[in-house]
Amino acid sequence: MRAAKTTRASVLSGKAAFDRVFVARLKRNSRYFRFHFAASELDHARLGMAVSRRVDKRSVVRNRLRRQIRQSFRLAMATLPNLDIVVNAKPEAAQAPRGEVWRDLLDAWPRLRA
RNA sequence: GGAGUCGGCCGGGCGGUCGCUGUCGCGCAAGCGGCAGAGGAAAGUCCGGGCUCCGCAGGGCAGGGUGCCAGGUAACGCCUGGGCGGCGCGAGCCGACGGAAAGUGCAACAGAGAGCAGACCGCCGAACGGUUCCUCCGGGAAUGCGUGGCAAGGGUGAAACGGUGCGGUAAGAGCGCACCGCGAGUCUGGCAACAGACCGGCACGGCAAACCCCACCUGGAGCAAGGCCGAAUAGGGAUCCCAUGACGUGGCCCGCGUCGGAUCCGGGUUGGCCGCACGAGGCGCGUGGUGACACGCGUCCCAGAGGAAUGACCGUCCUCGACAGAACCCGGCUUACAGGCCGGCUCCAAUC
RNA sequence: CGGGGCGUAGCGCAGCCUGGUAGCGCACCACGCUGGGGGUGUGGUGGUCGCGAGUUCGAAUCUCGCCGCCCCGA
């Protein structure tokens, strides 16, 4: 499986950038995640993540979810339009098996193309 | 072999493809290649330090902490050794373990009485009085009724003014004796905590995780500390206090320092670099020490992000993988944790 | 990273400093007043005092260790 190379440019950073995405009020839900997005000011997609302590108390679990999100983003990146996306994890994601979460993520990205 | 106890260690392995962070090398550059890349608890933040700033961090008070003794350490509330007490057949384990004879306090309910106490049921005919009986008229005997004596036994309580036994006595009582306990006595051993022997007499109950006393320790904040570079805005307005005044990050005072200061309104700031990873460092050997540990020599370089790096997928093997993710660093403590390995010691059983 | 606070009846709180009885309001139940409801009066039910150790004769209260929640500062 070939993943696109990501750089610092594909990281969404700063409170202002996050707020801009949330204000756009465009959203798609999957089983374990919420995808907020807005048209990017740049010529490529950027990813931001929100996995709060409410999802799971243990940082190990939160980090695992972030890695899965990031890795799935890399795989899907080339096919995505230039959007700024914030992925928000639902608390149920912490309880679910890893494989199931991964499949949920892979299924979700193509639906954002619309 | 079984049961137990103490100490130390590991905590999925191997191979492949793609990707992430740092660093080194090459390249004008996009990049390419090499190397390294979470833990024993990284956790909780309960202690102790390093480092940085607060002018020096100086004296006193207040506050806080520690609490058998000695040692180790940068330091500690940690560790080691020893003492004392408790548990265990034992190896071992556990202990907030200074002072109650400096003072002030506290003890519900029950109970007669709860701290220089007390007599409910009791016990006592030795003493004084009474009553009854006997009498050889001197007195004698009985009786707990009164004056009284006692606190052994019963009973209450968490606790009842040393315990057990013997003697003693009217009944009793450290009143006497033995043992135990106790003691601010003496001697001996030990750096000390303390222990042993002798001596003394029975007085000095418990609670200091009650106030407190004693000894020792303790300035405050924190890497968003703090520093450098750059950019930008402002050099304002209002109110109040004024130089025996105001301010300074400590709770207060002294001392010291500064000369306007405080509050509110308005305005600006959310770049980059350093701090930031070579350290009270790891490993090996030697020496000293019972040990914690120290010293010497050799050797190694071992995460360093900044919306935050370890992932995805495949193959394979097994005993199918617990708790869990660094954010300035280090030493401890505490808490979580599937399974497994190594060594010391103890008890039991059996065999030679 | 640092600082502070809370946890007691179904809910909101006192009691804790100074240790011995867990109390108040609302709610709930029963009865009375009313034809019924509402309202009101009287009586009553209901608490492992977040969990685990320790100190004490005795702990909601004192001490230590955990757990959960909330707030504040940079």
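How many residues does α2 have, and how far does α2 reach from its first C-alpha to its last? Helix α2 has 18 residues and reaches 26 Å, close to the 26 Å expected at 1.5 Å a residue; the expected span is 1.5 Å times one less than the number of residues. Helices (H or I, at least four residues) and strands (E, at least two) are DSSP runs, numbered from the N terminus.

The model is predicted: local features need pLDDT of at least 70, side-chain atom pairs count only at pLDDT 80 or more, and totals for chains, interfaces and linings use all residues. Residues are numbered from 1 along each chain as its sequence is written, chains are lettered from A and ligands numbered from 1 in the order in which they are written, and side-chain values use heavy atoms, with hydrogens and water left out.

The axes of α2 (residues 59-76) and α4 (residues 98-111) come within 10 Å and cross at roughly 35°. Axes are lines fitted to C-alpha atoms over the stretch in contact, and angles run from 0 to 180 degrees between N-to-C directions. Contact (heavy atoms within 4.5 Å) involves residues of α2 including Leu-65, Ile-69 and Phe-73, and residues of α4 including Val-101, Leu-105 and Trp-109.

Buried residues (under 20% relative accessible area, 1.4 Å probe, protein chains only) of α2 include Val-61, Leu-65, Ile-69 and Phe-73. Their cover includes β2 (33-39), β3 (46-50), β4 (83-89), α3 (92-95) and α4.

The largest nonpolar core has 27 residues. Such a core is a set of buried Ala, Val, Leu, Ile, Met, Phe, Trp, Tyr and Cys residues joined through side-chain atoms within 4.5 Å. Its largest share, five residues, comes from α2.

Notes
Buried means under 20% relative accessible area, exposed over 50%, partly exposed in between (1.4 Å probe, protein chains only).
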